[in-house]
Amino acid sequence: MNIRDRFIEYVKIDTQSDESSNTYPSTAKQLDLAKKLVEELQQLGISNAYLDKYGIVYAKIPKNTDEIVDKIGLIAHMDTSPDCSGKDVEPRIIEKYNGEDIVLNKDENIILDTKTFPSLLKNVGETLVVTNGKTLLGADDKAGIAIIMTFIEKLLASDIKHGQISIAFTPDEEIGRGTDNFNIEEFDADYAYTLDGGDIHYIEYENFNAASAIVKIHGVSIHPGSAKDKMINSILVAEEFNDLLPSDMIPSKTEGYQGFNHLCDIKGNCEYTEMEYIIRNHTKSIFEKQKKDFEIAKNILNHKYGYEIVEVIIEDSYENMRTYIEKDPRSLDRIVNVYKRLNIDHEFEPIRGGTDGARLTVMGLPTPNLGTGGYNYHGRFEYASLTQMSKMVDILLELVK
């Protein structure tokens with residue numbers, strides 16, 4: 001099966017994860033793709049492929065050389081983001097993209113335009129896959145899966161000499177649980193690569209330090225007709241709290257290495273309001289200061305109102321993998337040499353988020369991230385370049401030699 005057909009087949013399977021679920025995986029429908037991948041791997045001749053009780057697919061391609069060589073791992077995730085529907089995806093292929101705006105849905109006037117999404121202009125001449133404007137596409141990360149599966153098929157049909165190659169497809173990466181039950185010993189690699197990035201010309205080995213914050217506001221509800229000097233509206237106090245945080249440290253005002261505090265959910269009434277934040281920064285010292293800012297805001301408001309009106313609960317999520325990769329740079333050196341040998345331009349780019357690889361790196365398995373040719377993840381304007389996906393297959397074939 002070619003990479004186009006694989007990718008189209010995978011994105012039509014709904015694998016959206018659910019952060020409110022306590023099961024592993026968080027949604028049973030992710031297993032539909034997992035079981036399909038195990039079957040496909042076994043049909044390709046990898047009889048050891050299996051699905052574990054946590055919804056993780058594992059497989060190994062044995063070494064075919066007597067030389068002592070590194071054991072390399074390749075990883076992609078099966079779930080799609082809860083931020084946008086992944087049900088009834090209708091992918092459409094655009095051959096030799098011409099650089100013009102793309103009408104995704106004429107009836108609803110949904111347009112993928114080059115002014116809003118200038119990355120399109122880098123894809124002129126490439127074969128693209130877009131949505132119908134009603135769902136995400138699922139290139140994050142089914143493009144990564146399609147690349148790895150196509151790589152496996154081509155590798156097994158070739159005479160390339162290689163060391164052991166470990167494969168894993170994880171669930172629930174989008175909700176931060178992709179590696180909660182990952183068995184590094186079972187995976188058995190010296191280092192690995194997640195195929196979960198965007199433009200294939202970017203190599204990523206540093207990411208945000210991350211934390212989540214729950215802010216609970218305990219107000220005082222009184223009938224509004226007799227509320228003078230008695231009512232404390234928790235919704236208004238929540239606004240006060242947010243105003244005490246740095247106003248320029250929000251996603252819409254940051255880029256590159258700049259961190260942010262993102263208010264991603266708020267619900268409440270006069271009596272009680274709860275806010276959910278994510279806290280992100282590449283620099284550990286600034287990251288720690290951001291967390292302190294939440295405590296400072298809490299203390300200011302508790303002092304102002306004279307009781308524990310604000311609670312703040314902060315939990316760390318993952319770390320920046322850069323320090324760990326630099327201590328053991330074999331994975332980075334190897335992929336850089338591949339790009340040089342193939343004469344493909346490359347740049348290093350910080351991830352404004354996290355990947356399974358970030359947590360695996362901290363757990364002891366160095367795992368930088370490679371591009372898949374996907375763009376505008378987590379929304380209806382997501383698209384993927386089949387041209388770049390095919391080129392990444394060639395990069396992986398060179399990587400394992």
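A residue is called buried when its relative accessible area is under 20%, exposed when over 50%, and partly exposed in between, using a 1.4 Å probe and protein chains only. Helices (H or I, at least four residues) and strands (E, at least two) are DSSP runs, numbered from the N terminus. The model you are looking at is predicted, so local features need pLDDT of at least 70 and side-chain atom pairs count only at pLDDT 80 or more, while totals for chains, interfaces and linings use all residues. Residues are numbered from 1 along each chain as its sequence is written, and side-chain values use heavy atoms, with hydrogens and water left out.

Let's begin with α3. This helix is mostly covered, with 15 of its 18 residues buried. The expected span of a helix is 1.5 Å times one less than its number of residues.

Another cis peptide bond joins Tyr24 to Pro25, with omega near -10°. Pro25 sits in the loop between α1 (3–11) and α2 (30–43). Such spots are worth a look because most peptide bonds are trans and most residues other than glycine have a negative phi.

Asp229 is not a glycine, yet has a positive phi of about 65°. You will find Asp229 in the loop between β11 (209–218) and α5 (234–244), where Asp229 is exposed, with a relative accessible area of 75%. His378 also has a positive phi, about 75°, although it is not a glycine. His378 belongs to the loop between β17 (374–375) and β18 (383–385) and is partly exposed, at a relative accessible area of 30%.

Now turn to α8, residues 330–341. Its 12 residues should span 16 Å, and its end C-alpha atoms are 16 Å apart, in agreement. Which residues of α8 are buried? They are Ser331, Leu332, Ile335, Val336, Val338 and Tyr339. Because these residues cover an arc of only 155° around the axis, they are on the same side of α8; the arc is that of the directions from the helix axis to the C-beta atoms. The buried residues of α8 pack against several elements, including β9 (191–197), α7 (322–327) and α10 (386–399), where contact means heavy atoms within 4.5 Å. After α8 comes Asn343, with a positive phi near 55°.

Finally, visit the surface. Leu244, Ile296 and Ile300 make a nonpolar surface patch of about 250 Å². Patches are made of residues with over 30% relative accessible area and no salt bridge, joining like charges within 9 Å and nonpolar side chains (Val, Leu, Ile, Met, Phe, Trp, Tyr) within 5 Å. A salt bridge is a side-chain nitrogen of Lys or Arg within 4 Å of a carboxyl oxygen of Asp or Glu, and accessible areas come from the Shrake-Rupley method with a 1.4 Å probe, counting for residues only the protein chains shown as cover.

Leu244 is in helix α5 and is partly exposed, with a relative accessible area of 38%. Ile300 lies in helix α6 (residues 284–305) and is partly exposed as well, at 41%. Leaving aside its neighbours within four places in sequence, Leu244 is in contact with Ala297, Ile300 and Leu301.
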